[in-house]
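I opened my notebook to look up a few things in this structure. Here is the model first, and my entries follow.

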Amino acid sequence: MNEQQQKMENIISLAKRRGFIYPGSDIYGGLSGTWDYGPLGVSLKRNIMQLWWKMFVDEREDMHGVDAAILMNQKVWQASGHVDTFTDPLVECGECHGRFRADKLENDQKCPTCGAEHSFGEARQFNMMFKTNVGPVDDEASVSYLRPETAQGIFTNYKNVVDTFYPDIPFGLAQQGKAFRNEISPRDFIFRSREFEQMEIEYFVDPAKWEESFEHWRQQVWLWTQALGLPDDQVHELEVPEEDRAHYSKRTIDFEFDFPIGREELLGLAYRTDFDLMNIQRAAGRSMEYTVKGSNTKFVPHVIEPSFGVERTLMAVLSAAYTEDEVNGEKRIFLRLPHHLAPVKFAISPLVRNKPELVERARDIYQRMKQVHGAVIWDDNGNIGKRYRRQDEIGTPYCVVVDFETIEGDGTVTIRDRDTTEQRRISVDDLVSGNI
Ligand code: ATP
C-alpha cells in the first residue's frame with residue numbers, strides 16, 4: 001500500500017470511528033454503493049451545502065432556488081435522452097460472471113476478480129437509471145425513474161419560474177438534492193456511490209453571450225474550491241475534448257482534484273446550449289422562449305451548468321484537511337477544516353469532573369455558547385490531553401476549559417487552538433460573542 005492509499009484508508013477509518021460516515025445498511029452486511037452519515041458527517045455535509053447555497057443563491061441577485069420532486073414523469077427522461085443514452089459499457093466475465101465497466105478496466109483481457117484470461121464478451125450498454133413504478137399498476141405507463149441528476153428538475157421548472165418571477169436574463173436556478181445512478185462498480189469510498197447528492201445550477205443566458213457567463217462561472221468555481229479550503233495546486237481544470245464531451249455539450253471543463261485515490265473529477269462546468277429547453281419545447285409542445293424585458297427580442301436561452309457532487313466535495317474536504325503531525329513527541333491526527341465547515345465549533349470541558357462548582361460553571365458557559373454558536377459540544381471524558389486529541393480528530397477549532405481560575409480568579413477560561421495547539425486565557429464574554 002502506498003502513502004496515498006494508506007491516507008485514504010486512514011480517512012475511511014476515521015470517518016467510521018468518529019461518526020462521520022458509515023457503510024450503508026452495515027448491520028445487515030451492507031448495500032454496495034450506499035453510505036450513511038453519522039452525527040458529525042451530517043453536520044459537515046450540511047455546512048458544505050449551506051455554504052454553497054449562501055454563495056450561489058442568497059448572496060446573488062440573479063439566482064433562485066427550486067426543489068423539484070425526485071420522481072418525475074417518464075417523458076422527462078425520454079426527452080432528455082437519458083432513457084436511450086444514459087449508459088455505461090458493461091462486460092461480463094465468462095468464468096465468474098463478475099460484471100465490470102468496460103472503460104474502467106485496467107486490463108481488458110483479464111478478469112479483475114478471478115483472473116481468467118480473455119473472458120470478456122462484447123460490451124453492452126447498461127442504463128444506469130433505477131427504474132420503478134408509480135402507483136399500484138405495474139405497466140409501461142406507470143414507469144418512472146429515480147432521477148440520475150437534479151438538472152432536469154430545474155429545466156422542467158424553468159417556464160414556471162419565468163412565468164411567476166420573470167427574472168432579467170442572465171439568471172440562474174439552483175437545486176440541491178439526491179440523485180441515483182446504478183453504477184456498475186461503485187468504488188473508492190463515497191467517490192462513486194449509487195445514491196448521492198448533487199448541487200446544480202442552470203444559468204440561462206442570451207445565446208450570443210454564453211462565453212462571458214462561462215468565464216464567470218469558471219471563476220466562481222475557483223472561489224468555491226478556495227472557500228472549501230482546497231489548495232489551488234491540488235485543483236486542476238481539464239478542458240474536455242470534443243470526443244469525450246456529453247452529446248449536448250459544446251464546451252466542458254472538468255475540475256479535478258488530487259484525491260488520495262488519484263486525480264479525479266470533482267465537479268463539472270458545461271455549456272449545454274439550448275439542448276434541454278429545445279427538447280422540452282418539442283416534447284411538451286410549450287414555448288420555452290424568453291422575451292427580453294422592454295423589447296421584442298426573443299430567444300430560447302442557452303445554458304451554462306456548474307454541477308457539483310456533495311460526496312466528492314466532502315471527500316475532497318476531508319482529504320485536504322487530514323493532517324498528521326507531532327505534538328510533544330507524540331503523533332497526532334487532526335482535521336484542519338476551515339472553521340466555517342467544522343461540524344463542531346467549540347468543545348467545552350470542566351478541568352475535572354468531581355468539583356460540582358466547576359462543573360456547574362462550565363455547564364452554564366456551555367449552555368450560553370450553544371444558544372449563540374449552536375455547534376458546541378460538552379466533553380468531560382478522560383483527561384484533558386485525551387479530549388484535545390479527540391477534538392483534533394474531528395476538526396474542532398477550539399477547546400475551552402473551565403478551571404479554578406474561572407471560578408476563583410479573574411473569571412477567564414482557557415481556549416486552545418486546534419492548529420497551533422496554543423492555549424491562552426480569554427474572558428467568557430469574548431468567548432460567547434465570538435471575539436476570539
Ligand atoms: P464520472 O465521469 O466520474 O462518472 P460524470 O461525468 O458522469 O462523472 P456528471 O454527470 O457530470 O458526472 O455529474 C456531475 C457531478 O455529480 C460529478 O462531477 C460528481 O461530483 C457527481 N457525481 C456523479 N456521479 C457520481 C457518483 N456515482 N457518486 C458520487 N458523485 C457523483
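**Helix pair.** I looked up how H2 and H9 sit against each other, and the two are roughly perpendicular (a label for angles of 65 to 115 degrees). Two packed helices are described by the angle between their axes and the distance between the axes. For helix H2 (residues 39-58) and helix H9 (residues 310-321) I noted an angle of about 105 degrees and axes 10 Å apart. The axes are lines fitted to C-alpha atoms over the stretch in contact, with angles running from 0 to 180 degrees between N-to-C directions. Helices here are DSSP runs (H or I, at least four residues), as are strands (E, at least two), numbered from the N terminus.

**Who touches whom.** From H2, I listed Gly-41, Leu-44, Lys-45, Ile-48 and Met-49; they meet Val-310, Glu-311, Thr-313, Leu-314, Val-317 and Leu-318 in H9, contact being heavy atoms within 4.5 Å. I sorted the residues of this contact into seven nonpolar, two polar and two charged. In this sorting Ala, Val, Leu, Ile, Met, Phe, Trp, Tyr, Cys and Pro are nonpolar, Asp, Glu, Lys and Arg charged, and the others, Gly among them, polar.

**Ground rules.** I am reading a predicted model, where local features need pLDDT of at least 70, side-chain atom pairs count only at pLDDT 80 or more, and totals for chains, interfaces and linings use all residues. Residues are numbered from 1 along each chain as its sequence is written, and side-chain values use heavy atoms, with hydrogens and water left out.

**Ligand.** Glu-265 has a polar side-chain atom 2.7 Å from a ligand oxygen, and a polar backbone atom of Leu-266 is 2.9 Å from a ligand oxygen. For Arg-312, a side-chain N or O atom lies 3.1 Å from an oxygen of the ligand. Taken alone, the ligand exposes 600 Å², of which the protein buries 81% (Shrake-Rupley, 1.4 Å probe).

**Backbone.** I found a cis peptide bond between Ile-169 and Pro-170, with omega about 5 degrees. Pro-170 belongs to the loop between helix H6 (158-165) and strand E9 (171-180).

Definitions and conventions: Polar contact = N/O pair within 3.5 Å; in protein donor to acceptor, adjacent residues only side chain to side chain. Parallel < 35°, antiparallel > 145°, perpendicular 65-115°, else oblique.
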